[in-house]
Amino acid sequence: MNRIVEKAVLNFTVTRMVVHAPLVARKAEPGQFIILRVDENGERIPLTVADYDRQAGTVTIIFQIVGATTAKLNRLNVGDEICDFVGPLGRPTETAGYRKVAVVGGGVGCAIAYPVAKKLHQQGCKVHSIIGFRTRELVILEAAFAAVSDWLCCMSDDGSFGRKGLVTDALRELLEAGEKYDAVITIGPLPMMKYVCLLTKGYHIKTVASMNPIMIDGTGMCGCCRLTVGGKVRFACVDGPDFDGHEIDFDEAIARASSYRDFERQARETVCNLLKEVR
Amino acid sequence: MPNMQPQKHPMPVQPPEKRIANFEEVALGYSRQTAQEEALRCLGCRHQPCVSGCPVQVHIPDFIRQLAAGDPEGAYQTIAQTNALPAVCGRVCPQENQCEKNCVRGIRGEPVAIGRLERYAADVHNAAEKGASSPAAANGHKVAIVGSGPSGLACAGDLARKGYAVTIFEALHRAGGVLVYGIPEFRLPKAIVRREIDALEAMGVEIRTNVVIGRTITVDELFTEYGYEAVFIGSGAGLPRFMGIPGETLKGVYSANEFLTRINLMRAAEENSDTPVQHGHRVAVVGGGNVAMDAARCARRLGAEVTVVYRRTRDELPARLEEVEHAMEEGIAFRFLTNPVAVLGNDQGWVQGIRCLKMELGEPDASGRRRPVEIPGSEHELEMDAVIMALGTSPNPLIRDTTDGLETQRWGGIMVEEDTGKTTREMVYAGGDAVTGAATVILAMGAGKKAAAAIDQAIMGCAEKGE
């Protein structure tokens with residue numbers, strides 16, 4: 001069950017794994033997520049489906065090593081099994097009916113943006129992709145995006161990759177030049193999505209943001225993933241993870257995302273120290 | 001001669017100062033002698049008022065007579081005829097509103113301690129049990145059960161005994177539903193739940209965890225692709241409610257479900273668990289049900305000063321009497337006739353208090369309880385660093401959203417025929433909190449058993465017609 005069949009290091013903080021999970025692979029759609037537990041003492045964490053192969057019965061996950069659990073996950077290798085792997089959860093990203101869409105991805109969020117761009121492309125929709133990273137060493141999936149985009153713009157904070165600047169700079173230029181989109185779909189760090197949404201609001205373009213808050217069960221039971229959308233409390237796990245970007249209270253989401261930051265830092269250091277001892 | 005002592009024999013418990021530092025079971029159980037003496041308090045009334053108070057009609061005077069005669073195994077077998085989970089119900093049933101409420105001994109003095117005696121019989125049986133029961137002869141029919149909580153377990157047990165091939169699908173990584181994610185170890189040890197589940201597996205019931213019906217597999221696919229002839233939905237009422245007041249999304253505000261799931265299912269209080277849980281210093285629990293008591297007592301065990309904030313009075317608390325008493329003994333403060341109107345935060349987005357209003361009781365509302373009414377100008381603030389909302393739950397929407405033709409009430413409960421659990425979808429049955437909204441273990445279990453009987457009748461009816 002849940003055997004890892006492929007593992008690749010995409011950069012020094014991001015890993016791609018292909019996991020044998022036929023029940024999940026059969027149903028997975030872009031925008032949905034899975035919940036996994038690495039081992040018996042593990043916590044449940046949500047990871048968005050980065051790709052799937054229904055024939056082979058596999059699901060691809062791409063994760064950044066940010067805490068104890070992702071560090072533990074990264075220690076597993078091809079042939080190892082992930083203790084629990086459940087999904088697909090959440091509602092798929094709506095892709096039907098669009099003719100031209102801008103996909104804006106940032107950092108490891110590009111791993112989630114990619115299957116959406118791919119599906120849009122397969123449906124004959126024109127896809128303009130803007131992907132941004134802090135620096136060249138952190139770039140992932142550039143070639144994959146190039147293959148499914150009618151136009152691709154790469155941005156980096158320090159100018160070491162593509163153009164220097166933020167994804168919002170590139171998007172603003174397009175909009176100022178008169179580009180029209182049926183929708184903008186944005187996936188990345190919360191502050192990035194916040195500013196993408198602020199920008200598109202001025203142009204009255206439908207904008208969808210994919211939220212990835214802290215979760216436990218992922219089926220609507222704990223309410224931990226709640227956020228305020230249009231003044232109402234919504235659960236990302238069952239009502240999302242996609243929401244109307246112009247309605248999301250991003251500042252609140254940013255605050256909530258830091259709930260366990262101190263705990264995480266401590267836990268990751270413990271795991272890292274353990275690893276050092278093992279070596 | 002009956003024992004005419006007016007009071008119940010007290011339940012031995014861990015002393016409060018000791019138990020607030022551990023998660024082990026609080027109530028330690030009757031000894032053989034105490035159980036026998038308590039059993040002798042039963043008058044064996046011919047009209048058996050206690051039985052009519054029991055949602056699954058346990059033959060109460062019969063099993064108590066067996067206990068009095070020194071035959072706990074016989075007593076257990078009597079209980080097990082109608083109750084699938086005696087060790088669980090003996091611990092978590094609200095007996096004071098059910099069997100014990102009708103007990104004639106309660107008119108002058110305290111009723112017979114029926115719940116404690118049920119627990120005693122079950123514990124003696126479990127301690128002595130040697131080989132597990134083996135599967136019944138297969139009848140060649142397949143039934144799927146959605147959810148491994150009390151209703152699903154009861155339904156599975158009855159069907160497996162009749163020879164059905166039963167599969168339980170559970171969304172979480174561990175079976176047991178609210179018995180494992182909701183009710184804490186100190187009230188219901190997980191080993192007891194595990195034993196019940198092991199017994200079902202020994203009878204041939206297959207349990208598939210990590211399968212979310214409605215997402216991983218739909219109800220329709222259970223019929224068309226997996227060949228199940230009937231489906232029982234016991235998916236519970238898991239969706240937590242919030243108050244809708246300002247500040248509810250601050251860091252340090254939890255639903256009771258989240259807080260309890262972290263501690264019970266994810267064992268966050270244990271050293272080797274990766275799941276974090278906030279150890280608050282001053283914790284407010286809003287609500288007055290069993291879940292509120294569980295959350296308050298868990299927070300206490302994590303070292304917090306805990307205050308239960310409830311908008312009615314002690315008399316209206318919906319929690320089991322014993323839980324309220326235990327909570328009070330453990331030093332948990334209660335602020336009655338108090339209702340939060342806002343959660344207050346600091347500049348880092350963490351909770352720092354709650355703003356409350358004092359209430360008074362007005363005219364009775366639809367539930368028959370007197371409606372709490374705000375007292376103008378009574379606003380006051382309480383300093384807190386965590387707030388747990390225990391306001392009840394609604395049925396989970398996943399299955400109704402993904403199953404065509406399954407009709408639900410406006411508030412989300414699945415519509416069923418009361419006697420059979422039959423839904424508006426052919427061969428789909430439902431029971432427990434998914435139908436009633438949050439209720440009790442025993443009601444859910446009773447619904448699971450009713451549905452099992454109805455499923456058996458429907459499948460056998462079809463089989464006869466087909467032959």
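This is a predicted model: local features need pLDDT of at least 70, side-chain atom pairs count only at pLDDT 80 or more; totals for chains, interfaces and linings use all residues.
**Overall form of chain B**

Chain B contains 17 helices and 16 strands. Along its principal axes, the C-alpha trace spans about 75 × 60 × 50 Å. A compact globule of 467 residues would have a radius of gyration near 23 Å, and the 23 Å of chain B agrees with this. Of the 467 residues in the chain, 53% are buried. Among contacts between residues at least 6 apart in sequence, 70% join residues at least 24 apart.

**A pair of helices**

Helix α2 (residues 32–39) and helix α4 (residues 60–68) of chain B have axes that come within 8 Å and cross at roughly 130°. The helix α2(B) is therefore oblique to α4(B). Their crossing is left-handed. The residues that meet are listed below by helix.

| Helix | Residues in the contact |
|---|---|
| α2(B) | B:Ala35, B:Gln36, B:Ala39 |
| α4(B) | B:Ile64, B:Leu67, B:Ala68 |

By class, this contact of α2(B) with α4(B) comprises five nonpolar residues, one polar residue and no charged residues.

Leaving aside residues up to four places away in sequence, B:Ser151 touches B:Gly234, B:Gly431, B:Gly432, B:Ala444, B:Met445, B:Ala447 and B:Gly448.

**The contact between chains B and A**

The contact between the two chains takes 30 residues from chain B and 34 residues from chain A. On the side of chain B that touches chain A, β5 (239–240) and α12 (256–263) each supply at least two residues. Which element of chain B gives the most to this side? That element is α12(B), with four residues. By class, the residues on this side of chain B divide into 12 nonpolar, 13 polar and five charged.

Methods
Residues are numbered from 1 along each chain as its sequence is written. Chains are lettered from A and ligands numbered from 1 in the order in which they are written. Axes are lines fitted to C-alpha atoms, for helices over the stretch in contact, and angles run from 0 to 180 degrees between N-to-C directions. Angles under 35 degrees count as roughly parallel, over 145 as roughly antiparallel, 65 to 115 as roughly perpendicular and the rest as oblique. A crossing is left-handed if the near helix is turned anticlockwise from the far one by less than a right angle, and right-handed if clockwise. Two residues are in contact if their C-beta atoms, placed from the backbone, lie within 7 Å. Ala, Val, Leu, Ile, Met, Phe, Trp, Tyr, Cys and Pro count as nonpolar, Asp, Glu, Lys and Arg as charged, and the others, Gly among them, as polar. The radius of gyration is taken over C-alpha atoms; the globule rule is 2.2 Å times the number of residues to the power 0.38. A residue is buried if 20 or more other C-beta atoms lie within 10 Å of its own, exposed if 12 or fewer, and partly exposed in between; C-beta atoms are placed from the backbone.
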